[in-house]
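Here's a quick briefing to read with the structure open beside you. Take it topic by topic, and find each residue as you go.

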Amino acid sequence: MSSEAEGRFHILDVSSLTFGPRRAMLRTEDGVRIEAVYEPSYGPSSDGATGTETGTAIVVAHGFTGSAARPAVRRAAQVLGRHAAAVVTFSFRGHGGSGGRSTLGDREVLDLSAAVRWARDLGHARVATVGFSMGGSVVLRQAALARGTDTGPDAVAAVSAPARWYYRGTAPMRRLHWMVTRPAGRLVGRYGLRTRIDARPWDPVPLPPVEAVPLIAPAPLLLVHGDRDPYFPLDHPRMLAAAATDGAPVELWLEPGMGHAENAAGEELLDRLGDWLTRR
């Protein structure tokens, strides 16, 4: 490996085979080590080829307290990978085997950018991102902040994403704020949910998702939200959709009976997501 490549990410346990999963520790711009898994496509491309590393890669951003190893994330990666796309999963800082502490969607944009860059360095000309809950807010903000750079995505899908910060309008969100803001809550997060949370408040407050949406075009954007989401009611996805500039390629799917994030995303929805991410 060249010194330039090592500066971007440090590879661990990489298979010598071209076809098969690869594992890596990626290094973000602020020096945090992020665990990531790359799975090449097992499905046929439009020309009938399989396993190509030059087509679309889908980067999956999990929700708060998730990780690359969680069953819901692995299930999502499996279904998305059926669409002739390679899939990159990773654990945000403070989650799973990654270093650092969770900043609840602030500096996580650097984690996502590291994963997108890895997909491009592996040869993918087109990279799409899909995020769930906190990961949904991160894909929106990262797409806006990285627009026009080598880490800017070619298509973006946000599932169960909040539109604004500090929302406490539902019981689950009030419990989450207690966990994040109280020492006892952060202990619960660390030892009960295996999530290490940064105790420092945001300074400055990061760009809200609703303000990121107008900055994403010309990349196409898909917003997906369940009508039974216990965390964020339907005014959140509607506010996000309304924030798009006139003529921007934005779609809104309101899913009947769906709850929250990757745990509530069924195979049929994931299949539609995979189709959208590889065709837009």
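## The largest pocket

With eight residues, helix 5 gives the most to the lining of the largest pocket. Keep in mind that this is a predicted model.

- The largest pocket has a volume of about 1100 Å³.
- It is lined by 44 residues, and the closest to its centre are Phe64, Leu104, Met134, Leu176 and Val180.
- Helix 2, helix 4 (134-145), helix 5 (171-181) and helix 9 (261-264) are the elements that each give two or more residues to that lining.

## Salt bridges

- How many salt bridges turn up in a search of the whole structure? The search finds 13.
- One of them pairs aspartate 30 with arginine 93, and their closest N and O atoms are 2.8 Å apart. Aspartate 30 sits in the loop between strand 2 (22-27) and strand 3 (33-39), while arginine 93 sits in the loop between strand 5 (86-90) and helix 3 (108-121), so this pair ties together parts that are 63 residues apart in sequence.
- Are these two partners buried or exposed? Aspartate 30 is partly exposed, at 31% relative accessible area, whereas arginine 93 counts as buried, at 3%.
- Another salt bridge joins the side chains of arginine 74 and glutamate 39, at 2.4 Å from N to O. Arginine 74 belongs to helix 2 (residues 71-80) and glutamate 39 to strand 3, so here the parts being tied together are 35 residues apart in sequence.
- Both of those residues are partly exposed: arginine 74 has a relative accessible area of 26%, and glutamate 39 has 22%.
- Aspartate 275 and arginine 279 make a salt bridge too, at 2.5 Å from N to O. They're four residues apart in helix 10 (residues 267-279), which puts about one helical turn between them.
- In general, an α-helix has 3.6 residues a turn, so residues three or four places apart point the same way.
- Aspartate 275 is partly exposed at 30% relative accessibility, while arginine 279 is exposed at 63%.

## Helix 3

- Does helix 3 lie mostly out in the open, or is it enclosed? Of its 14 residues, 12 are buried, so helix 3 is largely enclosed by the rest of the structure.
- Among the buried residues of helix 3 are Glu108, Asp111, Arg117 and Trp118.
- Just after helix 3, look for glycine 123, which takes a positive phi of about 110°.

## Helix 2

- Which residues of helix 2 are buried? They are Ala72, Val73, Ala76, Ala77, Val79 and Leu80.
- Look down the axis of helix 2 and those buried residues fall within an arc of 165°, so they line one face of the helix.
- The face of helix 2 turned away from that buried side carries Pro71 and Gln78, which are exposed.

Terms used:
Residues numbered from 1 in each chain as written. Predicted model: local features only at pLDDT ≥ 70, side-chain atom pairs only at ≥ 80, totals over all residues. Heavy atoms only, no water. Salt bridge = Lys/Arg side-chain N within 4 Å of Asp/Glu carboxyl O. Buried < 20%, exposed > 50% of the residue type's maximum accessible area, 1.4 Å probe, protein only. 1 Å grid on protein atoms, 1.4 Å probe; cavity = no way out; pocket = protein on both sides within 12 Å on 5 of 7 lines; lining within 4 Å. Points joined across faces, edges and corners; volume = space filled by probe spheres on them. Arc of directions from axis to C-beta.
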